[in-house]
Amino acid sequence: MANSRYEYVKQYEQDATLLPGCFIVVRVDGKGFTKFSELHGFEKPNDKRALDLMDRCACEVLREFSDVRMGYGVSDEYSFVLAPSTALYGRRTSKIVSVLTSFFTASYVRWWGEHMGADAPLRATPAFDGRAVCYPNAATLRDYLSWRQADCHINNQYNTPYWCLVKSGATPSEAQRTLAGSDAGFKNELLFSRFGINYNELPEQFRKGSVVVRARERFVAKVREDGTAVERERGRVAVLHADIIGDAFWTERPETLA
Ligand code: ATP
Ligand code: ATP
Ligand code: MG
Ligand code: MG
Ligand code: MG
Ligand code: MG
């Protein structure tokens with residue numbers, strides 16, 4: 001194709017790329033979801049429909065992008081881990097971040113009705129911000145994911161009694177004062193004695209967040225003429241609410257950190 005005299009402007013584009021050989025984490029986070037969740041009547045502190053919708057969008061991301069190894073989500077955020085060897089879009093930062101973020105956002109709108117139900121129409125346009133961070137090895141990647149899961153736990157341990165207090169008539173500042181500086185034991189005791197809630201019996205999705213993985217499953221690819229089955233393995237995208245801070249999760253899936 002003939003070059004136009006305008007084409008030199010292409011030289012002004014700056015293609016920042018993500019360091020070779022590092023894990024790439026792309027994290028998306030809902031823009032202004034404090035307000036967005038109120039506008040749509042999310043149950044506080046954990047609206048299960050909205051969490052399932054986030055998990056659904058993450059599954060769609062893993063199905064669309066084979067370079068994404070796993071995802072971890074909590075609240076209005078999701079982190080996606082790309083293989084250190086990925087050559088997706090030449091590892092260009094803006095391509096990777098913008099395509100994953102817009103794909104996630106579009107999925108959120110596309111699957112909203114299915115998860116939120118007919119009585120919760122979309123009343124505003126949801127947006128997500130996105131960023132990419134490189135982690136140089138398995139240890140720092142695991143620390144990153146542990147950081148997000150610890151954050152999920154700390155927030156949920158605070159938010160659960162906070163919303164119980166507010167729903168039972170306390171003002172937000174009264175609830176804040178009651179919980180200020182208290183340890184986990186105090187919060188759990190308050191939950192149990194005043195509201196009959198055993199923290200450890202709350203759904204794992206609330207306490208641990210969600211992990212999206214490619215689970216290996218064997219399936220019957222075809223049946224031979226003699227009636228015996230030909231089995232193959234395939235990766236099926238699955239949502240777990242597992243602990244990812246300890247070693248067990250990783251020992252079972254060594255390929256995730258390779
Ligand atoms: P920002 O644009 O800076 O991210 P934000 O208001 O989204 O602003 P966050 O720190 O991301 O701030 O907080 C997310 C908010 O969305 C929290 O207030 C949280 O309670 C709410 N939220 C997200 N998901 C849910 C859910 N499933 N159920 C109830 N509330 C939720
Ligand atoms: P990439 O992901 O690299 O951008 P692409 O297939 O989107 O791949 P583009 O160079 O962006 O490549 O080209 C956009 C394509 O979409 C073209 O083939 C164009 O014909 C088609 N297209 C976009 N908008 C329209 C439209 N309004 N009507 C018809 N075709 C369209
Ligand atoms: Mg924020
Ligand atoms: Mg947010
Ligand atoms: Mg957030
Ligand atoms: Mg295009």
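## Helix α2

In this predicted model, the residues of α2 that are buried are Ala50, Leu51, Met54, Asp55, Cys57, Ala58, Val61 and Leu62. Because they cover an arc of only 155° around the axis, they are on the same side of α2. The partners against which the buried residues of α2 pack are β2, β3, α3, α8 (204-208), β5 (210-223) and β6 (229-240).

## Helix α3

Helix α3, which runs over residues 93-110, has 18 residues that should span 26 Å at 1.5 Å a residue, and the 25 Å between its end C-alpha atoms agrees with this. Which residues of α3 are buried? They are Ile96, Val97, Leu100, Thr101, Phe104, Thr105 and Tyr108, and because they cover an arc of only 140° around the axis, they are placed on the same side of α3.

Ala106, Val109 and Arg110, by contrast, are exposed on the other side of α3. The buried residues of the helix pack against β1 (23-30), α2 (48-64), β3, α4 (112-116) and β4 (128-135), and α3 is in turn among the elements against which the buried residues of α2 pack.

## The annotated binding site

An unreviewed UniProt entry carries the annotation "binding site", and this annotation covers Ser75 and Asp76. Ser75 is found in the loop that joins β2 (68-74) to β3 (77-82), and Asp76 is found in the loop between β2 and β3 as well.

Are these two residues buried or exposed? Ser75 counts as buried because 21 C-beta neighbours lie inside 10 Å, where the cut-off for a buried residue is 20 or more. Asp76 is likewise buried, with 21 other C-beta atoms within 10 Å. Not counting residues up to four places away in sequence, Asp76 touches Asp29, Gly30 and Phe33.

## The surroundings of ligand 1

Ligand 1 is surrounded by 16 residues, of which the closest are Phe33, Thr34, Phe42, Asp47 and Ala50. Phe33 is also one of the residues that Asp76 touches, and Ala50 is one of the buried residues of α2.

The elements that each supply at least two residues of the shell around ligand 1 are β1, α1 (33-39) and α2. Which helix gives the most to the shell around ligand 1? That helix is α1, with 3 residues. Sorted by class, the shell has 5 nonpolar, 6 polar and 5 charged residues.

## Asn46, between α1 and α2

Asn46 is found in the loop between α1 and α2. With 19 other C-beta atoms within 10 Å, Asn46 is partly exposed, because a residue counts as buried from 20 or more. Once its neighbours within four places in sequence are left aside, Asn46 is in contact with Leu51 and Phe206, and Leu51 is among the buried residues of α2.

The C-alpha atoms of Asn46 and Leu165 are separated by 15 Å, although these residues are 119 residues apart along the chain.

The annotation "domain: Thg1 C-terminal", which comes from an unreviewed UniProt entry, covers residues 140-245. The span is 50% helix and 25% strand, and the end C-alpha atoms of residues 140-245 lie 12 Å apart.

Lys187 has its place in helix α7 (residues 184-195) and is partly exposed, with 18 other C-beta atoms within 10 Å. Leaving aside its neighbours within four places in sequence, Lys187 is in contact with Gln157, Pro161, Leu179 and Ser182, while Lys187 and Tyr158, 29 residues apart in sequence, are 7.4 Å apart in space from C-alpha to C-alpha. The 12 residues of α7 should span 16 Å at 1.5 Å a residue, which agrees with end C-alpha atoms that are 16 Å apart. Helix α7 is followed by Gly196, whose phi is positive, near 65°.

## The chain as a whole

The chain has 9 helices and 6 strands, and its C-alpha trace spans about 70 × 65 × 40 Å along the principal axes. Of the 258 residues in the chain, buried residues make up 22%. Among the contacts in the chain with a separation of 6 or more, residues 24 or more positions apart account for 69%.

Conventions
Residues are numbered from 1 along each chain as its sequence is written. Chains are lettered from A and ligands numbered from 1 in the order in which they are written. This is a predicted model: local features need pLDDT of at least 70, side-chain atom pairs count only at pLDDT 80 or more; totals for chains, interfaces and linings use all residues. UniProt positions are given in the numbering used here, feature names are shortened, and annotations may be inferred rather than shown by experiment. Helices (H or I, at least four residues) and strands (E, at least two) are DSSP runs, numbered from the N terminus. A residue is buried if 20 or more other C-beta atoms lie within 10 Å of its own, exposed if 12 or fewer, and partly exposed in between; C-beta atoms are placed from the backbone. Two residues are in contact if their C-beta atoms, placed from the backbone, lie within 7 Å. The expected span of a helix is 1.5 Å times one less than its number of residues. The arc is that of the directions from the helix axis to the C-beta atoms. A residue is near a molecule or strand if its C-beta atom, placed from the backbone, lies within 6 Å of it. Ala, Val, Leu, Ile, Met, Phe, Trp, Tyr, Cys and Pro count as nonpolar, Asp, Glu, Lys and Arg as charged, and the others, Gly among them, as polar.
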